[in-house]
Amino acid sequence: MPPPRTRGTALRHRLAELRGPDVPPKALDARALAALAANPGCARRAILDGAGVNKTALASALGSPSTFGQSQFALTRGNAFEAKVKADGGAELLRLVHEKLDRAAEPPADARVPDLTATGPQGRTARTALELREAAAHPGAWTLLDHPMLALDVAGSPAFLEPDAVVVHPDGSWTVVEIKSFPLLDGSADPAKVGAAARQAAVYVLALEELAARLDAAPRVRHRILLVCPRDFSNQPAASAVDIRKQRAVTARQLARLTRIEDIADALPEGTCFSPELPAEELTAAVESVPATYAPECLSACELAFHCRTRSRETGAVTSLGRPLRAELGGLTTVEEVLAAARGEAGDPADPAVAALRRAAALRAEALEAACR
């Protein structure tokens, strides 16, 4: 008689059923985990990512192919800029870390740049951990880890993550470095892009904290990361220190929620499967059986955004107009409810949102009447 399956084994079996027969899971990366933190209320994304479903293939099968991702030109430009920042043993990168984050330390000179080459993600993760332990055991020097490999436990499975760089300061603390190709114009960048970079860096910080906790004297993982971007419209690097404590807290909460995706899986109808090989009708019904929380921000973070946007517009959900507007409208969840409240056909007049809508409708009517005179 076979031994009973443990809770973790049963969950992995259930998630494999959701992916489809003999479909390998798509590994989670830092971008996917950061996107989860950007929309923590979306059960659809949580279960699809937790099950390792290939959302790009799924979106194509649903008839709403994704355009999410970087262009080849952007990737090439980004790689060239990163190579420039890390040239000469990372001298310029370490100078920026010293200038923006650790002026009290000795200026970096003859920094260690260990070779992190190893076989497979597990081997690279072990090599990274070894070099971080080595740096922690010999404080007083700067160490630059170029593209280290970190592991973060996600829903009981390791997600392998590769930050652009991790710097070990002379005091033994660790800093995550994010190198992006969008520009810093007059010292500031697009807030949406900075926010996305901060959420991605928060995933790396959490992985480093897990690693640090396993060391005898846990090093401090700094919650201010270094964001390196081109200055203005040149190819010269400029940097900004970004506090990611808020993003780290949100990401940690979302990952804790993700480890309980069994609750979402248990609520699904028996036999639900998200395999792109299924007939379109059956696949659509499976996807629609999991509630989504669409917002315009999803367009830059999720492969299923076009599908979810279409469904959101079909139902008239106000979330399709943006989260700030949704928050202002209180209990009015559809565009039809909003219009009815504005016309005085529905809604409680004592509700501040209803009162504001009626006032706005009255002002609009007055303005139109004055314009027609």
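1. Lining of the largest cavity. By class, the residues around the largest cavity of this predicted model divide into 6 nonpolar, 2 polar and 1 charged. They are Thr125, Thr128, Ala129, Met149, Leu150, Ala151, Ala207, Leu211 and Arg214. Two or more lining residues come from each of helix H7 (120–137), strand S2 (150–154) and helix H8 (191–213). H7 gives the largest share, 3 residues.

2. Cavity count and volume. The structure has 1 cavity of 30 Å³ or more. The space in the largest cavity comes to about 50 Å³. Rolling a probe the size of a water molecule over the atoms shows where empty space is left.

3. Val166. This residue belongs to strand S4 (residues 165–168). Is Val166 buried or exposed? Its relative accessibility is 0%, so Val166 counts as buried; the cut-off for buried is under 20%. Leaving aside residues up to four places away in sequence, Val166 touches Leu132, Thr143, Leu144, Leu145, Pro148, Trp174, Thr175 and Leu208. Between Val166 and Ile225 there are 59 residues of sequence separation, and their C-alpha atoms are 9.6 Å apart in space.

4. Helices H5 and H6. How do the axes of helix H5 (residues 72–85) and helix H6 (residues 87–101) cross? They come within 6 Å and cross at roughly 90°. Angles of 65 to 115 degrees count as roughly perpendicular, and H5 and H6 are therefore roughly perpendicular to each other.

5. Residues at the H5 and H6 contact. From H5, the residues involved are Ala83, Lys84 and Val85, and they meet Ala87, Gly90, Glu92 and Leu93 of H6. By class, this contact is made of 4 nonpolar, 1 polar and 2 charged residues.

6. Helix H3. Why can helix H3 (residues 43–50) be described as largely enclosed by the rest of the structure? The reason is that 8 of the 8 residues of H3 are buried. These buried residues are Ala43, Arg44, Arg45, Ala46, Ile47, Leu48, Asp49 and Gly50. An α-helix has 3.6 residues a turn, so residues three or four places apart point the same way.

7. After H3. Gly52 follows H3, and the phi of Gly52 is positive, near 75°.

How values were computed. Residues are numbered from 1 along each chain as its sequence is written. This is a predicted model: local features need pLDDT of at least 70, side-chain atom pairs count only at pLDDT 80 or more; totals for chains, interfaces and linings use all residues. Side-chain values use heavy atoms; hydrogens and water are left out. On a 1 Å grid over the protein atoms alone, a cavity is a set of points where a 1.4 Å probe fits but cannot get out, and a pocket is an open set with protein on both sides within 12 Å along at least five of seven lines; lining residues have an atom within 4 Å of a point. Grid points are joined across faces, edges and corners, and a volume is the space filled by probe spheres set on the points. Helices (H or I, at least four residues) and strands (E, at least two) are DSSP runs, numbered from the N terminus. Ala, Val, Leu, Ile, Met, Phe, Trp, Tyr, Cys and Pro count as nonpolar, Asp, Glu, Lys and Arg as charged, and the others, Gly among them, as polar. Axes are lines fitted to C-alpha atoms, for helices over the stretch in contact, and angles run from 0 to 180 degrees between N-to-C directions. Angles under 35 degrees count as roughly parallel, over 145 as roughly antiparallel, 65 to 115 as roughly perpendicular and the rest as oblique. Contact means heavy atoms within 4.5 Å. Buried means under 20% relative accessible area, exposed over 50%, partly exposed in between (1.4 Å probe, protein chains only).
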